[in-house]
Amino acid sequence: PAAAPPQRDPDPRRGLASSKLLLSPADEQKRLLENRPDQPQNPRVLRIAIIGAPNAGKSTLSNQLLGRKVFPVSKKVHTTRCKAQGVITHQDTQLIILDTPGLTNPLKAKRHNLNEAMLTDPWDSMKHADLVLVLVDVSDHWTRNSLSKEVLKCLSQFPHIPSVLVLNKVDILKKKFLLLEIATDLTEGIVNGKKLEVKSALKQDSSPSAKSRLHITWASPPESKVPRSSFGQEKNQAQEGSGLNKSSDVGGAGTGEAQGTKPKYHGPEDQKDRKGWPHFQEIFMLAALRGEEVDTLKRYLLMQAKPGPWEFHSDVLTNQSPQEICDNIIREKILEYLPLEVPYGVTQVTEIWEEGECGELFIVQSLLVPRESHKRMLIGRGGKVISRIAQEAGQDLMNAFLCDVHLKLKVEVKG
């Protein structure tokens with residue numbers, strides 16, 4: 001067993017709500033979720049599904065867009081176990097981020113002890129999305145030049161939903177000129193109905209400043225007249241630094257195609273030999289972990305919002321309950337400190353969740369493992385591993401709930 005008495009982060013902007021918590025974390029979050037949205041005079045809204053292969057950085061990007069840690073993050077795949085929503089409210093606009101599990105197949109789901117929801121949740125999120133961000137890890141040289149079969153299948157099932165390609169972890173890629181090849185492969189050389197014209201000032205330059213000199217242009221299809229967009233100037237400003245430049249403005253927001261060209265979508269049966277998706281509206285290049293160019297993407301998303309009522313009160317940051325956030329944070333640490341497939345067999349059971357008179361939280365959670373050897377791994381020599389997990393999880397919970405948290409973890413072999 002281990003306790004977590006670290007110091008609380010005093011910054012109130014890092015809590016679940018932007019307002020100062022006067023109630024207990026559970027009561028405050030419940031109140032916010034039950035409150036009617038405080039609708040502005042002309043509300044705008046955009047529901048964004050973030051999809052991609054496991055460990056592409058979806059939760060990291062979601063947290064960066066939100067400005068604080070709401071979703072669990074680790075280097076291991078399948079950290080996100082269920083769909084969850086994050087909420088960004090800026091002036092009269094509300095962005096609802098649908099953070100989803102990585103798209104996987106039944107065989108891999110069985111290997112990692114994943115429930116059926118891990119297979120269906122990304123598809124459910126797509127059904128309710130106004131825009132989809134397809135995240136690709138460009139640091140993975142095995143997968144970066146083609147979209148996964150699951151991602152392509154998802155896009156082909158929902159071709160009417162505008163999609164944007166986001167190349168993540170560009171800071172890790174030493175040879176920045178490879179981004180040109182990757183972008184071409186993943187888009188099949190077509191973006192927004194226009195052919196990519198790859199022109200690079202980089203050549204073999206791999207210096208840190210090289211990304212800012214990377215330019216990809218795409219021209220209008222022959223005999224098509226693309227009118228100037230009313231938001232073209234704003235959009236170009238939002239793309240500064242993203243490494244993209246256009247030879248002409250696109251048509252209306254959310255069209256996904258240049259005017260004058262009829263989109264040709266491909267059904268699931270056509271995806272067998274495909275590597276990319278030729279219907280992306282835009283391409284963004286960023287480093288989510290370091291926050292590079294995340295604001296560029298965020299400004300773009302705010303501009304894509306359409307008139308419509310807000311779904312959440314402006315103080316809400318996530319639709320998750322405090323208990324769900326607690327489980328996610330502890331699981332994140334377990335994934336981080338246990339090797340190979342071991343953490344995927346851990347079952348979490350909350351035995352005590354009590355709120356003290358001064359608003360502090362007392363949490364006792366049992367971690368059930370299938371084998372005695374796994375128990376020894378999780379506890380660690382002299383209890384060091386479980387102590388570190390409790391310490392770090394407790395600190396994250398304090399930062400999330402803005403109250404003192406006393407966390408105790410117990411490890412038991414499943415009966």
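1. In this predicted model, the side chains of Asp396 and Lys333 form a salt bridge, with a nitrogen-to-oxygen distance of 3.0 Å. The two partners come from distant parts of the chain, since Asp396 belongs to helix α11 (residues 384-401) and Lys333 to helix α9 (residues 322-337), a separation of 63 residues. Asp396 and Lys333 are both buried.

2. Lys333 also takes part in a salt bridge with Glu332, where the N to O distance is 3.1 Å. Glu332 has a relative accessibility of 5% and therefore counts as buried, and Lys333, at 8% relative accessible area, is buried because its value lies under 20%.

3. Another salt bridge joins the side chains of Glu188 and Arg274, at 2.8 Å from N to O. This pair, too, links distant parts of the chain: Glu188 sits in the loop between α6 (178-187) and β6 (190-191), while Arg274 sits in the loop between α7 (232-238) and β9 (280-285), and the two residues are 86 apart.

4. For the structure as a whole, the search finds 8 salt bridges. Among the residues involved, Asp171, Arg290 and Glu292 are joined into one network by salt bridges that share partners.

Conventions
Residues are numbered from 1 along each chain as its sequence is written. This is a predicted model: local features need pLDDT of at least 70, side-chain atom pairs count only at pLDDT 80 or more; totals for chains, interfaces and linings use all residues. Side-chain values use heavy atoms; hydrogens and water are left out. A salt bridge is a side-chain nitrogen of Lys or Arg within 4 Å of a carboxyl oxygen of Asp or Glu. Helices (H or I, at least four residues) and strands (E, at least two) are DSSP runs, numbered from the N terminus. Buried means under 20% relative accessible area, exposed over 50%, partly exposed in between (1.4 Å probe, protein chains only).
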